[in-house]
Amino acid sequence: MSFVSDKVRDLPPYLFAEFQRRKKELQADGVDVIDLGIGAPDLPTPEFIIDRLVAESRLPTNHRYSSYSGCAEFREAVADYYKRRYQVELDPESEILAVIGSKEGLANLMHATINPGDAVLVPDPGYPVYRTAVQLAGGESVSLRLDHQNGYVPLYEELDQAVIDRAKLMLLNYPSNPTAATVNFNTFLKAITFSEENRLLFVHDAAYDMITYNGYKAPSVMQVPNAKDHAVEFGSLSKSFNMAGWRIGYAVGNKEVIQALSTIKSNIDTSQFLPIQKAAAAALSSDFKAAEANSYVYQIRMEKLHRAFEKLGIQADKPNGTMFLWAKVPHGYSSMEFAEKMLLEAGVIVTPGNAFGAQGEGYFRVALTVPAERLDEVIHRMEQIDLKGVATE
Ligand SMILES: *Cc1c(COP(=O)(O)O)cnc(C)c1O
């Protein structure tokens with residue numbers, strides 16, 4: 001007999017667990033392991049945000065329950081953010097909802113929108129949380145194949161109409177984790193058109209909308225004129241302002257979906273701690289200098305590692321956003337074999353591409369969440385190992 005539900009037992013094993021176990025083993029043997037597997041910022045939360053948290057947490061009125069959809073100040077700050085950054089008008093009352101990080105929001109969104117058996121189109125390669133969220137809600141994930149040759153945008157033509165007809169929802173994420181792919185407005189226009197034609201809800205995960213560089217600015221799906229009829233977009237403070245542990249983000253867009261998500265959440269969590277919402281409002285209302293400074297740090301790290309990979313003969317597109325470098329494994333290795341080699345011979349943890357879906361096979365993801373000096377050390381170690389691989393012919 002077990003107390004654990006089938007739902008939990010059926011979840012896929014945590015792919016990073018094995019690497020973390022091996023990391024501890026190597027560290028116990030005195031190896032200085034450099035972990036480029038963790039996709040969370042290493043930089044501190046800006047002072048002005050922490051100051052606001054401290055000040056707000058001293059006010060007793062902030063210790064009460066928040067309103068279900070998040071406090072007015074936070075929702076107005078999100079509306080103001082969309083107006084300033086994307087020239088998009090959102091109604092703070094009905095088109096914006098605070099979430100406890102977009103991971104929570106996405107998981108509950110599935111319960112709010114899909115019925116058991118519904119198909120959901122998920123990006124492959126893509127953030128693994130999408131698939132588990134769909135599974136927990138009783139849905140079925142269908143891979144939306146994204147490939148390098150097409151800039152990692154969906155190829156709607158190659159989808160089977162029978163699959164599309166069963167689908168209720170489509171998920172995409174740009175700038176992308178893990179591929180670091182960035183897109184222009186046209187990609188969102190096509191996604192909305194496709195969703196309209198096939199009566200799908202389009203969900204865009206904009207977790208990296210502020211982590212961009214080389215002159216690139218990420219568009220929002222809400223800039224498509226009829227987006228609110230077909231889409232919601234999730235945003236997060238986790239990456240833009242180094243607030244991963246704070247657990248605060250937002251969902252915007254279609255009123256009916258925002259209301260449904262709010263109904264689910266009002267029965268589960270009653271929203272985030274008010275001082276955190278107010279500090280996040282201060283972040284979103286700022287002049288974006290902090291987020292730009294962050295992006296600049298990633299840009300410098302990215303240039304360093306990309307240049308080194310070129311010299312080492314490792315192929316990778318130079319990204320215009322995110323903190324990830326998505327690279328091809330050297331000839332003769334599977335993703336897993338290469339990740340193992342990196343750990344054993346260089347003491348460096350990278351994430352094998354297949355952890356993000358079948359289409360990720362042949363790639364590996366590097367998270368630039370260590371200081372530049374540590375990246376120098378990574379490069380130095382990679383220069384010492386034989387990257388030629390074994391001939392597969
Ligand atoms: C980090 C990340 C998030 C952010 O999750 P939070 O729950 O807001 O911390 C969402 N989507 C993707 C693709 C991410 O990489």
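On the side of domain 1 that touches domain 2, the elements giving two or more residues are α13 (289-312), β9 (324-328) and β12 (363-367), with helices (H or I, at least four residues) and strands (E, at least two) taken as DSSP runs numbered from the N terminus. Of these elements, α13 gives the most, with 8 residues.

This is a predicted model, in which local features need pLDDT of at least 70 and side-chain atom pairs count only at pLDDT 80 or more, while totals for chains, interfaces and linings use all residues. Residues are numbered from 1 along each chain as its sequence is written, and side-chain values use heavy atoms, with hydrogens and water left out.

The domain assignment, automatic or from a database, gives domain 1 (6-44 + 289-384) and domain 2 (47-284). In contact (heavy atoms within 4.5 Å) are 32 residues of domain 1 and 33 residues of domain 2.

Turning to the ligand, Asp205, Tyr208, Ser238, Lys239 and Arg247 come nearest among the 14 residues around the ligand, counted by a heavy atom within 4 Å. A polar side-chain atom of Asp205 lies 2.6 Å from a ligand nitrogen atom, whereas a side-chain N or O atom of Tyr208 is 2.6 Å from a ligand oxygen atom.

Conventions. A polar contact is a pair of N or O atoms within 3.5 Å; within protein, one must be able to donate a hydrogen and the other to accept it, and residues adjacent in sequence count only if both atoms are side-chain atoms.
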